[in-house]
Amino acid sequence: MRHDKIEIYIHLIWTTWDREPLITPALERDLFPIMCEIAERHGAKMLAVNGVPDHVHLLIKFASTTRLCDLVKDLKGTTSRTVNEREVPFKWRPTYAAFSVSRWNVRSLAKYIGHQKEHHQAGTIIDVFESDGEDFEDSE
């Protein structure tokens, strides 16, 4: 019997409101597992999630039935509500960036995301991996 082979990988990036440094290490410990659970609920698999105080990166393998807009809305909305219930006021910037990723680049991007803090501290960020979409606003 034949089976479909679907590999859809998306790199998501979004920032805190006004790029405020709101994402503390303690907050990460709460946010990242919640994000993984949400991805699973949508039939997707979180391959990497990490960030710095003002933005997050996610690498997700999508199922053929996963809708990007629904997943991002749930990820941002649920995490924002969760933080606001426990912590100081928190909100994400309303926009996000989403980039398709070749299956041949998944490992290198996952490794890059896993070392976000080190890249930002050392100044070794890769610009194309860091765009949150602000520089693309007029491209539609």
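Of its 140 residues, 42% count as buried.

- The average pLDDT of the protein is 84, and 82% of the residues score at least 70.
- Residues 135–140 have a pLDDT below 50, and this stretch has three contacts in the model beyond near neighbours in sequence.
- Where pLDDT is low, the predicted coordinates should not be read in detail.

**The sheet**

- Four strands make an open sheet in the order E2-E3-E1-E4, and their pairing is antiparallel.
- E2 and E4 (97–101) are the edge strands, so each of them pairs on one side only.
- On average, neighbouring strands of this sheet are turned by 15 degrees against each other, with direction ignored.
- Helix H2 lies across E1, E3 and E4, and runs at about 40 degrees to E1.

**A closer look at the E2–E3 hairpin**

- E2 and E3 form a hairpin, with two residues between the strands.
- Seven bridges join E2 to E3 (residues 55–62), and the two strands run antiparallel.
- E2 (residues 45–52) is mostly covered, with six of its eight residues buried.

**The nonpolar cores**

- The largest nonpolar core has 24 residues, and the ones that touch the most other members are Trp-14, Met-35, Leu-58, Ile-60 and Leu-75.
- Two or more residues of this core come from each of E1, helix H1 (25–41), E2, E3 and helix H2 (68–86).
- H1 gives the most to this core, with seven residues.
- Another core, of eight residues, lies apart from the largest one, and among its members are Tyr-9, Ala-48, Leu-59 and Val-101.

- Tyr-9 sits in strand E1 (residues 8–15).
- Is Tyr-9 buried or exposed? Tyr-9 counts as buried because its relative accessibility is 9%, and the cut-off for buried is under 20%.
- Leaving out residues up to four places away in sequence, Tyr-9 touches Leu-47, Leu-59, Ile-60, Lys-61, Phe-99, Ser-100, Val-101, Arg-103 and Val-106.
- The side chain of Tyr-9 also makes a polar contact with the side chain of Glu-7, at 2.7 Å.
- Tyr-9 and Phe-62 are 53 residues apart in sequence, yet their C-alpha atoms are 6.1 Å apart in space.

**Links across the sequence**

- Among contacts between residues at least 6 apart in sequence, 71% join residues at least 24 apart.

Technical notes:
Residues are numbered from 1 along each chain as its sequence is written. This is a predicted model: local features need pLDDT of at least 70, side-chain atom pairs count only at pLDDT 80 or more; totals for chains, interfaces and linings use all residues. Side-chain values use heavy atoms; hydrogens and water are left out. Buried means under 20% relative accessible area, exposed over 50%, partly exposed in between (1.4 Å probe, protein chains only). Two strands pair if DSSP finds at least two bridges between them. pLDDT is the predictor's confidence in each residue, from 0 to 100. Contact means heavy atoms within 4.5 Å. A polar contact is a pair of N or O atoms within 3.5 Å; within protein, one must be able to donate a hydrogen and the other to accept it, and residues adjacent in sequence count only if both atoms are side-chain atoms. A nonpolar core is a set of buried Ala, Val, Leu, Ile, Met, Phe, Trp, Tyr and Cys residues joined through side-chain atoms within 4.5 Å. Axes are lines fitted to C-alpha atoms, for helices over the stretch in contact, and angles run from 0 to 180 degrees between N-to-C directions.
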